[in-house]
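The tour begins with the whole chain and then moves to single residues.

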Amino acid sequence: MAEDRLACRECHHVNDPDSQTCEHCGSSSLTEDWAGYVIITQPEESQIAEEMNVTKPGSYALKVR
């Protein structure tokens with residue numbers, strides 16, 4: 001489930017619950033305290049991806065605390 005996953009505080013990528021580092025940026029700053037969920041498949045054509053500074057496809061948290 002999405003609630004069990006960890007979001008990266010650096011790039012907002014949503015990672016598996018057993019992750020120690022972010023699979024996108026390598027940061028070890030992961031948290032369970034996040035809200036909102038968006039899946040970006042074509043970041044080069046997405047206005048949301050542009051606003052979030054996302055360049056790679058994947059699942060992202062909208063708000064990370």
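Start with the whole chain selected. A compact globule of 65 residues would have a radius of gyration near 11 Å, and the chain has 11 Å, so the two agree. This radius is taken over C-alpha atoms, and the globule rule is 2.2 Å times the number of residues to the power 0.38. Along the principal axes, the C-alpha atoms fill a box of roughly 30 × 20 × 20 Å.

A note on what you are viewing: this is a predicted model, in which local features need pLDDT of at least 70 and side-chain atom pairs count only at pLDDT 80 or more, while totals for chains, interfaces and linings use all residues. Residues are numbered from 1 along each chain as its sequence is written, and side-chain values use heavy atoms, with hydrogens and water left out.

Next, switch to a cartoon view. Helices (H or I, at least four residues) and strands (E, at least two) are DSSP runs, numbered from the N terminus.

Now show the surface. The chain exposes about 4400 Å², of which carbon and sulfur atoms supply 43%; the area comes from the Shrake-Rupley method with a 1.4 Å probe. Of the 65 residues, 34% count as buried. Buried means under 20% relative accessible area, exposed over 50%, and partly exposed in between (1.4 Å probe, protein chains only).

Zoom in on Cys8. Is cysteine 8 buried or exposed? Cysteine 8 is buried, with a relative accessible area of 0%. Its place is in strand S1, residues 6-8. Leaving aside neighbours within four places in sequence, cysteine 8 is in contact (heavy atoms within 4.5 Å) with residues including Cys22, Cys25, Leu30 and Val64.

Finish at Cys11. Cysteine 11 is in the loop between S1 and strand S2 (14-15). At 22% relative accessibility, cysteine 11 counts as partly exposed. Beyond its neighbours within four places in sequence, cysteine 11 is in contact with Cys22, His24, Cys25 and Tyr60.
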